[in-house]
Amino acid sequence: QTGDVLALDLFHDFPKDLARRSCGYLSVSLNYFLSSTVAGQGAFELSCEGCRCEEMSIPHSDQIHPFPRVETDANLLSTYIGLNLSISAQTTFIAYYANTSSCTLLINHIASGWSLPRFKQMKLSRPKSRVRIDGLFIEQLHPSWVSYFSLPVKAGSRAGKLVRAVKASGCKA
């Protein structure tokens, strides 16, 4: 139901040697049901507690890896207009932790809406709304991504700002 929150501890099944580090980057991928044919599809918003989460900041990331707002009604996404599909889609983002024993991903079920840049957010009137989470995959962020986000061209992106802040803090992630 809209308003429900699913909390997932990212350290719960994470390898203990990595979880014991004082700081580090994680690549977090969340699979979810995306459909143009199932009525009542909703949306969800991602946030983190005990750690910092940011979008991947790669070209077309808003379409490939939506973050923090994820729409599960494919009819509202320009990429899928006119397609008949029901799939398990995936969004990926970065989580950074430092001196913490927890990193919790919060998945907040929200109403679907049309959020194209030139239009006002339009809430759709739907009696019921549903989202389905299919999987969660966590791994250490590959160092090549850290190097990529360190490039001057990526310095202004959210991920680039995160990497700069982490380096300034002295973390050897």
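Mentor: Here is the sheet, then its helix, then the cores. Keep in mind that this is a predicted model.

Start with the strand order. Four strands form an open sheet, and they run β4-β6-β2-β10 with antiparallel pairing. Two of them are edge strands: β4, residues 52-55, and β10, residues 133-140. Each of these pairs on one side only. On average, neighbouring strands in this sheet are turned by 30° against each other, direction ignored.

Now look at β4. Its partner is β6, residues 86-98, and four bridges join the two antiparallel strands. Across this pairing, E54 stands opposite I94 of β6. A helix also packs on the sheet: α4, residues 158-169. Helix α4 touches β2 (23-35), β4 and β6. Its direction makes about 145° with that of β4.

Next, the cores. In soluble globular proteins, nonpolar side chains tend to be buried together. The largest nonpolar core here has 24 residues. Those with the most contacts inside this core are L26, F44, L46, C53, F93, A95 and L105. Strands β2, β3 (43-49), β6 and β7 (104-110) each give two or more residues to the core. The largest share, five residues, comes from β2.

Pick out L46. Leaving aside neighbours within four places in sequence, L46 is in contact with L30, F67, P68, V70, T91, F93, L105, L106 and I107.

There is also a second, separate core of 14 residues. Among its members are L141, A159, L162 and V166.

Key:
Residues are numbered from 1 along each chain as its sequence is written. This is a predicted model: local features need pLDDT of at least 70, side-chain atom pairs count only at pLDDT 80 or more; totals for chains, interfaces and linings use all residues. Side-chain values use heavy atoms; hydrogens and water are left out. Two strands pair if DSSP finds at least two bridges between them. Axes are lines fitted to C-alpha atoms, for helices over the stretch in contact, and angles run from 0 to 180 degrees between N-to-C directions. Contact means heavy atoms within 4.5 Å. A nonpolar core is a set of buried Ala, Val, Leu, Ile, Met, Phe, Trp, Tyr and Cys residues joined through side-chain atoms within 4.5 Å. Buried means under 20% relative accessible area, exposed over 50%, partly exposed in between (1.4 Å probe, protein chains only).
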